Amino acid sequence: MESSSSAERVNNLTLYSLESTISQRKAELAAEQNGKRSWTKRLLLDNKLLCSKIREEADELCRTLEENEDKSRTASEMADVLYHAMVLLANKDVKIEDGMQVLRQRFSQSGVEENRGRISQG
């Protein structure tokens with residue numbers, strides 16, 4: 001069994017590797033390199049498709065709860081949501097670390113306080 005720090009390193013490496021791959025695909029588009037066709041490039045070029053996929057995958061994730069599907073199906077759908085969300089982040093030039101920083105800041109306050117702060121800003 002992996003130690004928690006070892007598992008954390010693997011998880012971080014996975015996120016940053018995915019972010020790097022998505023960034024490479026975005027750079028290939030910017031440089032007009034033909035390269036190989038990729039789903040990521042297609043998503044980066046089509047905001048409507050990307051948003052549609054995020055909504056679709058989030059719905060499928062919710063259905064794993066509503067329909068009491070097994071853990072592996074839930075993990076698979078979560079991975080799909082995370083991947084598509086990371087493509088959107090790349091599209092907006094937002095790093096995964098930026099989102100993680102927001103989460104770290106939220107740890108210091110209750111969810112009710114955090115939500116109240118977002119509502120008053122909107």
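In this predicted model, helix α3 buries Leu49, Leu50, Lys53, Glu57, Glu60 and Thr64. These residues cover an arc of only 100° around the axis, so they sit on the same side of α3. Turn to the other side of α3 and you'll find Lys48, Arg55, Leu65 and Glu66 exposed.

**Length and packing of α3**
- What do the buried residues of α3 pack against? Their partners are α2 (39-45) and α4 (71-91).

**The two ends of α3**
- The N-terminal end of α3 is capped by aspartate 46, which places a side-chain oxygen 3.2 Å from the backbone nitrogen of lysine 48.
- Just after α3 comes asparagine 68, with a positive phi of about 50°.

**Positive phi in the loops**
- Asparagine 68 has that positive phi although it isn't a glycine.
- Where does asparagine 68 lie? You'll see it in the loop between α3 and α4.
- Is asparagine 68 buried or exposed? Its relative accessible area is 70%, and exposed means over 50%, so asparagine 68 counts as exposed.
- Aspartate 93 isn't a glycine either, yet has a positive phi of about 60°.
- For aspartate 93, look in the loop between α4 and α5 (96-106).
- With a relative accessible area of 63%, aspartate 93 is exposed too.

Notes
Residues numbered from 1 in each chain as written. Predicted model: local features only at pLDDT ≥ 70, side-chain atom pairs only at ≥ 80, totals over all residues. Heavy atoms only, no water. Buried < 20%, exposed > 50% of the residue type's maximum accessible area, 1.4 Å probe, protein only. Helix = DSSP H or I, 4+ residues; strand = E, 2+ residues; numbered from the N terminus. Arc of directions from axis to C-beta. Contact = heavy atoms within 4.5 Å. Polar contact = N/O pair within 3.5 Å; in protein donor to acceptor, adjacent residues only side chain to side chain.
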